[in-house]
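Please consult the sequence and the structure shown below while reading.

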Amino acid sequence: MASADPEKDITGAPTPEASRETQNADEISPNPSSIHVDDNYALYKSGRELEVSPAEQARVLRKIDFRIIPILFVTYMLQYLDKNSINFSSVYGLQKGTHLKGQDYSWLGSIFYFGYLLFQFPSGYLLQRLPIGKFLSLATIAWGIILITTPACISFGGIATNRFFLGALEATVNPGFVLLMSMWYTSAEQPLRLEIYYCTNGIATMFGGLIGYAVGHITTGLPQWMYVFLIFGALSITWGIISLLLLPDLPSTAPFLAPHERMLAIQRVAANRQGVKNHHFQAYQALQTFRDPKTWILFIMAVGAQVPNAALTSFTSIIVSSFGFDTLGTQYLQIPDGAVQFLALLAGGFVCTRWPNNTRCIVMIFANSVCILGAGLLVGLPNEKKWGRLVALWLCYFQGLGFSMSLTMVSSNVAGYTKKQLTGAVLFTGYCVGNIVGPQTFIAKEAPRYHSAYIAMLVGYSVKLLMVVILYVYMHRSNKKRDAEQAARGELSEEEEKEAIERGMLDMTEIDNKGFRYIL
(Lines give C-alpha, C1' and ligand atoms only; values in the text may rest on other atoms or scores of the structure.)
Protein backbone atom coordinates (compact mmCIF):
# COMPACT_ATOMS: atom_id res chain seq x y z
CA MET A 1 0.00 0.00 0.00
CA ALA A 2 1.32 3.46 -0.88
CA SER A 3 2.47 5.67 1.94
CA ALA A 4 0.37 8.70 2.83
CA ASP A 5 3.54 10.73 3.08
CA PRO A 6 4.69 11.67 -0.43
CA GLU A 7 8.27 12.16 0.79
CA LYS A 8 8.40 8.50 1.85
CA ASP A 9 6.79 7.21 -1.34
CA ILE A 10 9.60 7.95 -3.78
CA THR A 11 9.52 5.24 -6.38
CA GLY A 12 12.59 5.54 -8.51
CA ALA A 13 14.76 7.04 -5.79
CA PRO A 14 18.44 6.16 -6.11
CA THR A 15 19.60 3.07 -4.24
CA PRO A 16 22.37 3.29 -1.65
CA GLU A 17 24.65 1.48 -4.10
CA ALA A 18 23.89 3.98 -6.84
CA SER A 19 24.47 6.86 -4.47
CA ARG A 20 27.83 5.41 -3.41
CA GLU A 21 28.83 5.28 -7.08
CA THR A 22 27.81 8.91 -7.46
CA GLN A 23 29.69 9.85 -4.32
CA ASN A 24 32.85 8.19 -5.59
CA ALA A 25 32.53 10.09 -8.84
CA ASP A 26 31.55 13.49 -7.52
CA GLU A 27 32.56 13.39 -3.84
CA ILE A 28 29.45 15.17 -2.54
CA SER A 29 26.08 13.43 -2.99
CA PRO A 30 22.73 13.17 -1.23
CA ASN A 31 21.92 10.73 1.52
CA PRO A 32 18.99 8.72 0.08
CA SER A 33 17.23 8.66 3.45
CA SER A 34 17.11 12.47 3.52
CA ILE A 35 15.77 13.09 0.00
CA HIS A 36 13.01 15.68 -0.14
CA VAL A 37 10.61 15.32 -3.05
CA ASP A 38 9.44 18.24 -5.15
CA ASP A 39 6.66 20.47 -3.79
CA ASN A 40 4.64 19.37 -6.84
CA TYR A 41 5.56 15.67 -6.59
CA ALA A 42 2.12 14.34 -5.63
CA LEU A 43 0.50 15.91 -8.68
CA TYR A 44 3.43 14.83 -10.87
CA LYS A 45 3.02 11.23 -9.74
CA SER A 46 -0.73 11.31 -10.39
CA GLY A 47 -0.19 12.52 -13.94
CA ARG A 48 2.78 10.42 -15.03
CA GLU A 49 0.65 8.32 -17.37
CA LEU A 50 -1.30 11.33 -18.63
CA GLU A 51 -1.68 11.26 -22.41
CA VAL A 52 -2.11 14.68 -23.93
CA SER A 53 -2.45 15.78 -27.53
CA PRO A 54 -0.05 18.39 -28.98
CA ALA A 55 -3.01 20.74 -29.35
CA GLU A 56 -3.78 20.47 -25.64
CA GLN A 57 -0.15 21.09 -24.74
CA ALA A 58 -0.08 24.18 -26.94
CA ARG A 59 -3.31 25.45 -25.35
CA VAL A 60 -1.93 25.09 -21.82
CA LEU A 61 1.33 26.76 -22.85
CA ARG A 62 -0.66 29.71 -24.22
CA LYS A 63 -2.55 30.02 -20.92
CA ILE A 64 0.74 30.01 -19.00
CA ASP A 65 2.23 32.59 -21.37
CA PHE A 66 -0.74 34.95 -21.09
CA ARG A 67 -0.64 34.85 -17.29
CA ILE A 68 3.08 34.67 -16.42
CA ILE A 69 4.88 36.65 -19.14
CA PRO A 70 2.93 39.96 -18.87
CA ILE A 71 3.59 40.05 -15.11
CA LEU A 72 7.31 39.41 -15.57
CA PHE A 73 7.40 41.88 -18.46
CA VAL A 74 5.96 44.84 -16.56
CA THR A 75 7.71 44.07 -13.26
CA TYR A 76 11.11 43.79 -14.94
CA MET A 77 10.60 47.02 -16.87
CA LEU A 78 9.69 48.87 -13.68
CA GLN A 79 12.68 47.57 -11.71
CA TYR A 80 14.98 48.66 -14.55
CA LEU A 81 13.40 52.12 -14.64
CA ASP A 82 13.51 52.43 -10.88
CA LYS A 83 17.16 51.53 -10.41
CA ASN A 84 18.14 53.84 -13.28
CA SER A 85 15.95 56.74 -12.15
CA ILE A 86 19.07 58.65 -11.07
CA ASN A 87 20.24 58.54 -14.70
CA PHE A 88 17.06 60.16 -16.01
CA SER A 89 17.02 62.75 -13.21
CA SER A 90 20.74 63.57 -13.36
CA VAL A 91 20.29 66.16 -16.13
CA TYR A 92 17.47 67.91 -14.25
CA GLY A 93 19.33 68.97 -11.13
CA LEU A 94 19.61 65.80 -9.02
CA GLN A 95 23.19 66.58 -8.03
CA LYS A 96 22.35 70.13 -7.04
CA GLY A 97 19.13 69.20 -5.27
CA THR A 98 20.84 66.55 -3.13
CA HIS A 99 24.11 68.52 -2.73
CA LEU A 100 26.32 65.93 -4.40
CA LYS A 101 30.01 66.69 -4.92
CA GLY A 102 32.96 64.99 -6.63
CA GLN A 103 32.50 61.23 -6.77
CA ASP A 104 29.21 61.29 -4.83
CA TYR A 105 27.11 60.56 -7.93
CA SER A 106 29.38 57.64 -8.83
CA TRP A 107 28.88 56.26 -5.34
CA LEU A 108 25.10 56.36 -5.73
CA GLY A 109 25.50 53.91 -8.61
CA SER A 110 27.69 51.66 -6.46
CA ILE A 111 25.69 51.88 -3.22
CA PHE A 112 22.58 50.47 -4.91
CA TYR A 113 24.58 47.31 -5.61
CA PHE A 114 25.95 47.11 -2.06
CA GLY A 115 22.34 46.66 -0.96
CA TYR A 116 21.76 44.23 -3.82
CA LEU A 117 24.89 42.29 -2.84
CA LEU A 118 24.24 42.02 0.91
CA PHE A 119 20.68 40.81 0.39
CA GLN A 120 21.45 38.41 -2.47
CA PHE A 121 21.85 35.21 -0.44
CA PRO A 122 19.04 36.03 2.06
CA SER A 123 16.76 36.77 -0.90
CA GLY A 124 17.66 33.47 -2.57
CA TYR A 125 16.89 31.57 0.63
CA LEU A 126 13.54 33.34 1.04
CA LEU A 127 12.65 32.71 -2.61
CA GLN A 128 13.12 29.01 -1.93
CA ARG A 129 11.35 28.88 1.41
CA LEU A 130 8.41 31.27 0.83
CA PRO A 131 5.59 31.41 -1.77
CA ILE A 132 7.53 32.93 -4.65
CA GLY A 133 4.68 34.86 -6.30
CA LYS A 134 3.64 36.66 -3.13
CA PHE A 135 7.23 37.36 -2.09
CA LEU A 136 8.14 38.98 -5.42
CA SER A 137 4.93 41.04 -5.50
CA LEU A 138 5.40 42.40 -1.97
CA ALA A 139 9.01 43.29 -2.82
CA THR A 140 7.73 45.28 -5.82
CA ILE A 141 5.36 47.27 -3.60
CA ALA A 142 8.11 47.89 -1.06
CA TRP A 143 10.65 49.22 -3.56
CA GLY A 144 7.97 51.49 -5.04
CA ILE A 145 7.50 52.98 -1.57
CA ILE A 146 11.27 53.47 -1.22
CA LEU A 147 11.48 55.15 -4.62
CA ILE A 148 8.57 57.52 -4.07
CA THR A 149 10.26 58.83 -0.91
CA THR A 150 13.48 59.76 -2.76
CA PRO A 151 12.49 63.45 -3.25
CA ALA A 152 12.61 63.79 0.54
CA CYS A 153 16.38 63.17 0.38
CA ILE A 154 18.33 66.42 0.32
CA SER A 155 21.83 65.17 1.16
CA PHE A 156 24.24 62.50 -0.02
CA GLY A 157 23.68 60.48 3.17
CA GLY A 158 19.92 60.50 2.69
CA ILE A 159 19.85 59.50 -0.97
CA ALA A 160 22.66 56.95 -0.44
CA THR A 161 20.58 55.22 2.26
CA ASN A 162 17.57 55.32 -0.03
CA ARG A 163 19.55 53.72 -2.87
CA PHE A 164 20.93 51.01 -0.55
CA PHE A 165 17.46 49.85 0.47
CA LEU A 166 16.21 50.08 -3.11
CA GLY A 167 19.00 47.69 -4.12
CA ALA A 168 18.20 45.35 -1.22
CA LEU A 169 14.57 45.04 -2.33
CA GLU A 170 15.33 44.71 -6.04
CA ALA A 171 17.77 41.86 -5.24
CA THR A 172 14.77 39.53 -5.40
CA VAL A 173 13.83 40.19 -9.02
CA ASN A 174 16.51 38.70 -11.26
CA PRO A 175 17.09 35.50 -9.25
CA GLY A 176 13.35 35.12 -8.69
CA PHE A 177 12.58 35.39 -12.38
CA VAL A 178 15.27 32.81 -13.24
CA LEU A 179 13.57 30.41 -10.81
CA LEU A 180 10.14 31.19 -12.30
CA MET A 181 11.44 30.38 -15.77
CA SER A 182 12.51 26.91 -14.64
CA MET A 183 9.19 26.37 -12.81
CA TRP A 184 6.91 27.11 -15.76
CA TYR A 185 8.83 26.41 -18.98
CA THR A 186 10.79 23.66 -20.66
CA SER A 187 14.46 24.32 -21.35
CA ALA A 188 13.77 24.84 -25.06
CA GLU A 189 11.05 27.41 -24.30
CA GLN A 190 13.05 29.45 -21.82
CA PRO A 191 15.36 31.60 -24.00
CA LEU A 192 12.61 33.42 -25.91
CA ARG A 193 10.43 33.89 -22.82
CA LEU A 194 13.38 35.15 -20.80
CA GLU A 195 14.31 37.59 -23.55
CA ILE A 196 10.71 38.82 -23.80
CA TYR A 197 10.83 40.08 -20.24
CA TYR A 198 14.54 40.97 -20.35
CA CYS A 199 14.03 43.09 -23.48
CA THR A 200 12.10 45.50 -21.28
CA ASN A 201 15.56 46.86 -20.43
CA GLY A 202 15.50 48.26 -23.95
CA ILE A 203 11.87 49.34 -23.74
CA ALA A 204 12.56 50.94 -20.35
CA THR A 205 15.49 52.84 -21.84
CA MET A 206 13.21 54.18 -24.58
CA PHE A 207 10.28 54.78 -22.23
CA GLY A 208 12.49 56.37 -19.60
CA GLY A 209 14.00 58.64 -22.24
CA LEU A 210 10.50 59.76 -23.23
CA ILE A 211 9.49 60.32 -19.59
CA GLY A 212 12.71 62.24 -19.06
CA TYR A 213 11.96 64.33 -22.14
CA ALA A 214 8.42 65.04 -20.87
CA VAL A 215 9.69 65.97 -17.40
CA GLY A 216 11.96 68.49 -19.08
CA HIS A 217 8.86 70.42 -20.14
CA ILE A 218 7.49 70.73 -16.59
CA THR A 219 8.24 74.30 -15.56
CA THR A 220 6.14 74.73 -12.40
CA GLY A 221 5.77 73.02 -9.04
CA LEU A 222 8.50 70.81 -7.63
CA PRO A 223 12.08 70.69 -8.96
CA GLN A 224 12.11 68.65 -12.17
CA TRP A 225 14.34 65.84 -10.86
CA MET A 226 11.76 64.91 -8.21
CA TYR A 227 9.04 64.07 -10.73
CA VAL A 228 11.06 61.15 -12.11
CA PHE A 229 11.01 59.37 -8.73
CA LEU A 230 7.38 60.21 -7.98
CA ILE A 231 6.17 58.85 -11.33
CA PHE A 232 8.24 55.65 -11.26
CA GLY A 233 7.48 54.96 -7.59
CA ALA A 234 3.72 55.33 -8.04
CA LEU A 235 3.79 52.97 -11.03
CA SER A 236 5.70 50.32 -9.06
CA ILE A 237 3.33 50.40 -6.07
CA THR A 238 0.28 50.08 -8.33
CA TRP A 239 1.77 47.23 -10.32
CA GLY A 240 2.95 45.38 -7.21
CA ILE A 241 -0.65 45.21 -5.99
CA ILE A 242 -1.79 43.83 -9.37
CA SER A 243 1.03 41.25 -9.31
CA LEU A 244 0.04 40.17 -5.79
CA LEU A 245 -3.42 39.30 -7.10
CA LEU A 246 -2.32 37.56 -10.31
CA LEU A 247 1.11 35.90 -9.96
CA PRO A 248 0.76 32.24 -8.80
CA ASP A 249 3.20 30.53 -6.45
CA LEU A 250 3.25 27.01 -7.98
CA PRO A 251 1.92 25.22 -11.08
CA SER A 252 0.17 22.72 -8.76
CA THR A 253 -1.88 25.47 -7.09
CA ALA A 254 -2.26 27.95 -9.97
CA PRO A 255 -5.90 29.14 -9.89
CA PHE A 256 -5.93 30.08 -13.59
CA LEU A 257 -5.34 26.42 -14.58
CA ALA A 258 -7.91 23.62 -14.34
CA PRO A 259 -6.83 20.55 -12.27
CA HIS A 260 -5.82 18.47 -15.31
CA GLU A 261 -3.98 21.50 -16.76
CA ARG A 262 -1.92 21.75 -13.56
CA MET A 263 -0.88 18.12 -14.05
CA LEU A 264 0.15 18.89 -17.61
CA ALA A 265 2.06 22.02 -16.57
CA ILE A 266 4.09 19.93 -14.10
CA GLN A 267 4.71 17.08 -16.55
CA ARG A 268 6.01 19.55 -19.12
CA VAL A 269 8.56 21.05 -16.75
CA ALA A 270 9.52 17.71 -15.18
CA ALA A 271 11.01 16.82 -18.58
CA ASN A 272 13.78 19.35 -17.83
CA ARG A 273 15.14 16.79 -15.32
CA GLN A 274 15.40 19.56 -12.75
CA GLY A 275 12.15 19.27 -10.81
CA VAL A 276 9.82 22.26 -10.40
CA LYS A 277 10.09 23.81 -6.91
CA ASN A 278 11.44 22.43 -3.65
CA HIS A 279 11.31 24.50 -0.45
CA HIS A 280 13.72 22.24 1.48
CA PHE A 281 17.25 23.63 1.84
CA GLN A 282 19.81 20.86 1.18
CA ALA A 283 23.23 21.34 2.77
CA TYR A 284 24.98 18.89 0.43
CA GLN A 285 23.75 20.93 -2.56
CA ALA A 286 25.27 24.05 -1.03
CA LEU A 287 28.63 22.27 -0.86
CA GLN A 288 28.28 21.08 -4.46
CA THR A 289 27.49 24.64 -5.56
CA PHE A 290 30.72 26.05 -4.21
CA ARG A 291 32.82 23.15 -5.56
CA ASP A 292 31.29 23.25 -9.04
CA PRO A 293 33.56 25.00 -11.60
CA LYS A 294 30.45 26.29 -13.45
CA THR A 295 29.54 28.39 -10.42
CA TRP A 296 32.77 30.37 -10.54
CA ILE A 297 32.86 30.62 -14.32
CA LEU A 298 29.39 32.20 -14.16
CA PHE A 299 30.59 34.50 -11.35
CA ILE A 300 33.53 35.81 -13.40
CA MET A 301 31.28 36.12 -16.46
CA ALA A 302 28.90 38.31 -14.45
CA VAL A 303 31.68 40.54 -13.11
CA GLY A 304 33.10 41.01 -16.60
CA ALA A 305 29.68 41.78 -18.08
CA GLN A 306 28.64 44.27 -15.41
CA VAL A 307 31.76 46.42 -14.99
CA PRO A 308 30.72 48.18 -18.25
CA ASN A 309 27.10 48.39 -17.10
CA ALA A 310 27.44 51.80 -15.43
CA ALA A 311 28.06 53.33 -18.86
CA LEU A 312 24.78 51.85 -20.07
CA THR A 313 22.68 52.81 -17.04
CA SER A 314 23.61 55.44 -14.44
CA PHE A 315 26.07 57.37 -16.65
CA THR A 316 24.34 57.21 -20.04
CA SER A 317 22.95 60.75 -19.91
CA ILE A 318 26.29 62.11 -18.73
CA ILE A 319 28.20 60.23 -21.47
CA VAL A 320 25.89 61.34 -24.29
CA SER A 321 26.02 64.90 -22.99
CA SER A 322 29.83 64.70 -22.93
CA PHE A 323 29.79 63.96 -26.66
CA GLY A 324 28.47 67.51 -27.20
CA PHE A 325 24.65 67.13 -27.32
CA ASP A 326 22.26 69.47 -25.48
CA THR A 327 20.04 68.47 -22.53
CA LEU A 328 16.92 67.46 -24.48
CA GLY A 329 19.01 65.82 -27.19
CA THR A 330 20.74 63.79 -24.50
CA GLN A 331 17.35 62.35 -23.52
CA TYR A 332 15.95 61.40 -26.92
CA LEU A 333 19.30 60.09 -28.19
CA GLN A 334 19.02 57.37 -25.55
CA ILE A 335 15.98 55.96 -27.36
CA PRO A 336 18.15 54.16 -29.98
CA ASP A 337 20.06 52.57 -27.06
CA GLY A 338 16.87 50.86 -26.04
CA ALA A 339 15.94 49.94 -29.62
CA VAL A 340 19.29 48.19 -30.18
CA GLN A 341 18.95 46.28 -26.92
CA PHE A 342 15.31 45.38 -27.57
CA LEU A 343 15.92 44.01 -31.06
CA ALA A 344 19.12 42.17 -30.08
CA LEU A 345 17.40 40.44 -27.16
CA LEU A 346 14.37 39.30 -29.15
CA ALA A 347 16.49 38.13 -32.08
CA GLY A 348 18.80 36.17 -29.77
CA GLY A 349 15.87 34.64 -27.90
CA PHE A 350 14.22 33.60 -31.18
CA VAL A 351 17.40 31.97 -32.48
CA CYS A 352 17.98 29.98 -29.28
CA THR A 353 14.35 28.82 -29.13
CA ARG A 354 14.04 28.04 -32.84
CA TRP A 355 17.33 26.11 -32.81
CA PRO A 356 17.66 25.01 -29.15
CA ASN A 357 20.71 22.77 -29.55
CA ASN A 358 24.16 24.33 -29.16
CA THR A 359 23.21 27.94 -29.93
CA ARG A 360 23.23 29.73 -26.57
CA CYS A 361 26.99 30.02 -26.15
CA ILE A 362 27.33 30.98 -29.82
CA VAL A 363 24.82 33.81 -29.33
CA MET A 364 26.71 34.98 -26.23
CA ILE A 365 30.00 34.95 -28.13
CA PHE A 366 28.48 37.02 -30.95
CA ALA A 367 26.91 39.57 -28.57
CA ASN A 368 30.15 40.01 -26.61
CA SER A 369 32.14 40.44 -29.81
CA VAL A 370 29.85 43.32 -30.85
CA CYS A 371 30.34 44.88 -27.40
CA ILE A 372 34.12 44.58 -27.73
CA LEU A 373 33.90 46.42 -31.05
CA GLY A 374 31.82 49.21 -29.49
CA ALA A 375 34.10 49.60 -26.46
CA GLY A 376 37.17 49.58 -28.69
CA LEU A 377 35.71 52.45 -30.73
CA LEU A 378 34.94 54.44 -27.56
CA VAL A 379 38.58 54.05 -26.52
CA GLY A 380 40.05 54.86 -29.92
CA LEU A 381 37.83 57.48 -31.58
CA PRO A 382 38.78 61.14 -31.07
CA ASN A 383 36.45 63.52 -29.19
CA GLU A 384 35.32 65.38 -32.31
CA LYS A 385 33.80 62.19 -33.79
CA LYS A 386 30.73 62.55 -31.62
CA TRP A 387 28.37 60.60 -33.89
CA GLY A 388 30.87 57.78 -34.28
CA ARG A 389 31.27 57.60 -30.53
CA LEU A 390 27.48 57.65 -30.08
CA VAL A 391 27.10 54.68 -32.48
CA ALA A 392 29.89 52.89 -30.58
CA LEU A 393 27.90 53.36 -27.37
CA TRP A 394 24.79 51.95 -29.07
CA LEU A 395 26.75 48.82 -30.08
CA CYS A 396 27.54 48.17 -26.41
CA TYR A 397 23.83 47.59 -25.80
CA PHE A 398 24.29 44.09 -27.21
CA GLN A 399 25.56 43.44 -23.67
CA GLY A 400 22.03 42.65 -22.50
CA LEU A 401 21.81 39.68 -24.87
CA GLY A 402 25.07 38.16 -23.65
CA PHE A 403 24.21 38.54 -19.97
CA SER A 404 20.61 37.35 -20.26
CA MET A 405 21.74 34.19 -22.03
CA SER A 406 24.03 33.48 -19.10
CA LEU A 407 20.90 33.42 -16.92
CA THR A 408 19.59 30.50 -18.98
CA MET A 409 22.75 28.65 -17.99
CA VAL A 410 21.27 28.67 -14.47
CA SER A 411 17.62 28.06 -15.34
CA SER A 412 18.39 25.23 -17.81
CA ASN A 413 21.72 23.76 -16.70
CA VAL A 414 21.58 23.66 -12.91
CA ALA A 415 19.40 21.12 -11.07
CA GLY A 416 18.61 20.69 -7.39
CA TYR A 417 16.59 23.63 -6.10
CA THR A 418 19.06 24.65 -3.38
CA LYS A 419 21.91 24.44 -5.87
CA LYS A 420 19.97 26.42 -8.45
CA GLN A 421 19.09 29.29 -6.12
CA LEU A 422 22.63 29.41 -4.69
CA THR A 423 24.21 29.36 -8.17
CA GLY A 424 21.92 32.23 -9.10
CA ALA A 425 22.96 34.05 -5.91
CA VAL A 426 26.66 33.61 -6.74
CA LEU A 427 26.10 34.80 -10.31
CA PHE A 428 24.26 37.90 -9.07
CA THR A 429 26.96 38.48 -6.48
CA GLY A 430 29.32 38.81 -9.45
CA TYR A 431 26.70 41.05 -11.05
CA CYS A 432 26.84 43.28 -7.96
CA VAL A 433 30.63 43.32 -7.80
CA GLY A 434 30.81 44.45 -11.44
CA ASN A 435 28.20 47.14 -10.88
CA ILE A 436 29.97 48.37 -7.75
CA VAL A 437 33.30 48.63 -9.55
CA GLY A 438 31.89 50.08 -12.78
CA PRO A 439 30.81 53.53 -11.55
CA GLN A 440 34.19 54.04 -9.90
CA THR A 441 35.88 53.83 -13.30
CA PHE A 442 34.15 57.13 -14.16
CA ILE A 443 36.66 59.49 -12.58
CA ALA A 444 35.37 63.05 -12.27
CA LYS A 445 38.68 64.66 -13.24
CA GLU A 446 38.69 62.70 -16.54
CA ALA A 447 35.41 64.27 -17.69
CA PRO A 448 34.31 64.49 -20.45
CA ARG A 449 36.64 61.86 -21.97
CA TYR A 450 36.32 59.17 -19.22
CA HIS A 451 39.16 57.19 -20.80
CA SER A 452 39.57 54.84 -17.81
CA ALA A 453 35.89 53.88 -17.93
CA TYR A 454 36.04 52.96 -21.61
CA ILE A 455 39.17 50.86 -21.09
CA ALA A 456 37.41 49.08 -18.20
CA MET A 457 34.48 48.36 -20.52
CA LEU A 458 36.79 46.81 -23.11
CA VAL A 459 38.53 44.65 -20.49
CA GLY A 460 35.23 43.53 -18.97
CA TYR A 461 33.76 42.42 -22.28
CA SER A 462 36.96 40.55 -23.16
CA VAL A 463 36.96 38.66 -19.84
CA LYS A 464 33.31 37.74 -20.35
CA LEU A 465 34.05 36.39 -23.83
CA LEU A 466 36.88 34.20 -22.51
CA MET A 467 34.64 32.79 -19.75
CA VAL A 468 31.88 31.91 -22.24
CA VAL A 469 34.36 29.86 -24.27
CA ILE A 470 35.64 28.08 -21.14
CA LEU A 471 32.07 27.31 -20.00
CA TYR A 472 31.17 25.90 -23.40
CA VAL A 473 34.23 23.62 -23.44
CA TYR A 474 33.53 22.42 -19.89
CA MET A 475 29.87 21.54 -20.54
CA HIS A 476 30.56 20.04 -23.96
CA ARG A 477 33.21 17.70 -22.51
CA SER A 478 30.87 16.72 -19.67
CA ASN A 479 28.10 15.83 -22.12
CA LYS A 480 30.47 13.74 -24.24
CA LYS A 481 31.72 11.89 -21.16
CA ARG A 482 28.20 11.04 -20.01
CA ASP A 483 27.17 9.96 -23.50
CA ALA A 484 30.15 7.60 -23.61
CA GLU A 485 29.32 6.20 -20.16
CA GLN A 486 25.72 5.61 -21.17
CA ALA A 487 26.78 3.87 -24.38
CA ALA A 488 29.15 1.65 -22.38
CA ARG A 489 26.34 0.63 -20.01
CA GLY A 490 24.07 -0.15 -22.93
CA GLU A 491 21.11 1.63 -21.36
CA LEU A 492 18.14 2.47 -23.53
CA SER A 493 17.68 6.19 -24.05
CA GLU A 494 13.98 6.03 -23.13
CA GLU A 495 14.70 4.30 -19.83
CA GLU A 496 17.51 6.76 -19.11
CA GLU A 497 15.19 9.70 -19.69
CA LYS A 498 12.45 8.36 -17.40
CA GLU A 499 14.97 7.76 -14.65
CA ALA A 500 16.51 11.21 -15.14
CA ILE A 501 13.10 12.88 -14.91
CA GLU A 502 12.26 11.00 -11.70
CA ARG A 503 15.58 12.00 -10.16
CA GLY A 504 14.90 15.61 -11.05
CA MET A 505 11.60 15.46 -9.14
CA LEU A 506 13.55 13.98 -6.21
CA ASP A 507 15.65 17.19 -6.16
CA MET A 508 18.88 15.63 -7.42
CA THR A 509 21.49 17.96 -8.84
CA GLU A 510 22.78 17.84 -12.39
CA ILE A 511 26.03 16.45 -11.00
CA ASP A 512 24.34 13.47 -9.34
CA ASN A 513 21.79 12.86 -12.08
CA LYS A 514 23.79 11.04 -14.73
CA GLY A 515 20.89 11.29 -17.18
CA PHE A 516 21.19 15.08 -17.21
CA ARG A 517 22.72 16.81 -20.26
CA TYR A 518 23.80 20.45 -20.51
CA ILE A 519 22.17 22.70 -23.08
CA LEU A 520 24.92 24.56 -24.89
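A cavity is here a set of points, on a 1 Å grid over the protein atoms alone, where a 1.4 Å probe fits but cannot get out, and its lining residues have an atom within 4 Å of a point. The model is predicted: local features need pLDDT of at least 70 and side-chain atom pairs count only at pLDDT 80 or more, while totals for chains, interfaces and linings use all residues. Residues are numbered from 1 along each chain as its sequence is written, and side-chain values use heavy atoms, with hydrogens and water left out.

**Cavities**
- The whole structure holds three cavities of 30 Å³ or more, a volume being the space filled by probe spheres set on grid points joined across faces, edges and corners.
- The largest cavity has a volume of about 160 Å³; of the 17 residues lining this cavity, Tyr-80, Tyr-198, Asn-201, Asn-309 and Gln-341 are the closest to its centre.
- H3, H17 (309–312) and H23 (399–413) each supply at least two residues of that lining, and H3 gives the most, with four residues; helices are DSSP runs (H or I, at least four residues) numbered from the N terminus.
- Seven nonpolar, nine polar and one charged residues make up the lining of the largest cavity (Ala, Val, Leu, Ile, Met, Phe, Trp, Tyr, Cys and Pro count as nonpolar, Asp, Glu, Lys and Arg as charged, and the others, Gly among them, as polar).
- The second largest cavity, with a volume of about 40 Å³, is lined by Pro-175, Val-178, Leu-179, Val-410, Lys-420, Gln-421, Gly-424, Ala-425 and Phe-428.
- H24 contributes five residues, the largest share of the lining of the second largest cavity, which divides into six nonpolar, two polar and one charged.

**Packing of H3 against H14**
- The axes (lines fitted to C-alpha atoms over the stretch in contact, with angles from 0 to 180 degrees between N-to-C directions) of H3 (residues 54–83) and H14 (residues 259–270) come within 10 Å and cross at roughly 90°.
- The two helices H3 and H14 are therefore roughly perpendicular (65 to 115 degrees).
- In contact (heavy atoms within 4.5 Å), residues of H3 including Val-60, Leu-61 and Ile-64 meet residues of H14 including Leu-264 and Ala-265.

**Buried face of H15**
- Tyr-284, Gln-285, Ala-286, Gln-288 and Thr-289 are the buried residues of H15 (residues 283–291), buried meaning under 20% relative accessible area (1.4 Å probe, protein chains only).
- The cover over these buried residues of H15 includes H16 (293–306) and H24 (417–440).

Note on methods. Angles under 35 degrees count as roughly parallel, over 145 as roughly antiparallel, 65 to 115 as roughly perpendicular and the rest as oblique. Buried means under 20% relative accessible area, exposed over 50%, partly exposed in between (1.4 Å probe, protein chains only). On a 1 Å grid over the protein atoms alone, a cavity is a set of points where a 1.4 Å probe fits but cannot get out, and a pocket is an open set with protein on both sides within 12 Å along at least five of seven lines; lining residues have an atom within 4 Å of a point.
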